[in-house]
Amino acid sequence: MEYLTVGKIIKTVGLKGELKIYLTTSFSFERFQKGRNLFLKNNDQYIKLTVMHNRQKDNCHITQFKEIIDVNEAQKYVGQELYALKDYSLLKENEFYYSDLIDCEVYFNNSIFIGTVGKIEEYAAYKTLRIKREKAKDVLIPFVEQFIENVDIINKKITIKYIAGLL
């Protein structure tokens, strides 16, 4: 099983153990439904939590879990990340999890090696691939249709369109 970070617990709310969670997932509606399971990580173990109720406020969720019954218990988890199981059924065609793009090799025209994806950076307008190159500075490639020709997750290969002046 592979786990993905879906948020970070930033504070407690009220006396009944509700937690304010800063979201880092694009699938918050699906992940935070009543009865769904999320996880906390304790050393190398994942602790299962069950959503009892949830409400959205700005880019955060106020969530109460069945296993956390009061503010004293909830306080222990402030600052920790919250995880969900990777679920490919949530993705539409040509959508990818960031973790699947990391370490993909990037090529121009399917033949000229540029480097490997080291990180995905989010900007207001679009996502950007940070490509690590040997003996050269990293290069940023917008992860948009105008630049990306093909993404092959199985073979960990991304082909980008040649655009003069890009590198």
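Q: In what order do the 6 strands of the closed barrel run?
A: Strands here are DSSP runs of E with at least two residues, numbered from the N terminus, and two strands pair if DSSP finds at least two bridges between them. In this closed barrel of 6 strands the pairing is antiparallel, and the order is 1-2-5-4-3-6.

The model is predicted, so that local features need pLDDT of at least 70 and side-chain atom pairs count only at pLDDT 80 or more, while totals for chains, interfaces and linings use all residues. Residues are numbered from 1 along each chain as its sequence is written, and side-chain values use heavy atoms, with hydrogens and water left out.

Q: Which residue of strand 5 stands opposite I21?
A: Strand 2, residues 18-23, pairs with strand 5, residues 60-65, in the antiparallel sense over 4 bridges. Across this pairing L19 faces T63, whereas the residue opposite I21 is H61.

Q: Which residue in the turn between strand 4 and strand 5 has a positive phi?
A: Strand 4, residues 45-57, is joined to strand 5 by 6 bridges and runs antiparallel to it, with R55 standing opposite I62. The two strands form a hairpin with 2 residues between them, and the turn residue with a positive phi, about 55 degrees, is D58.
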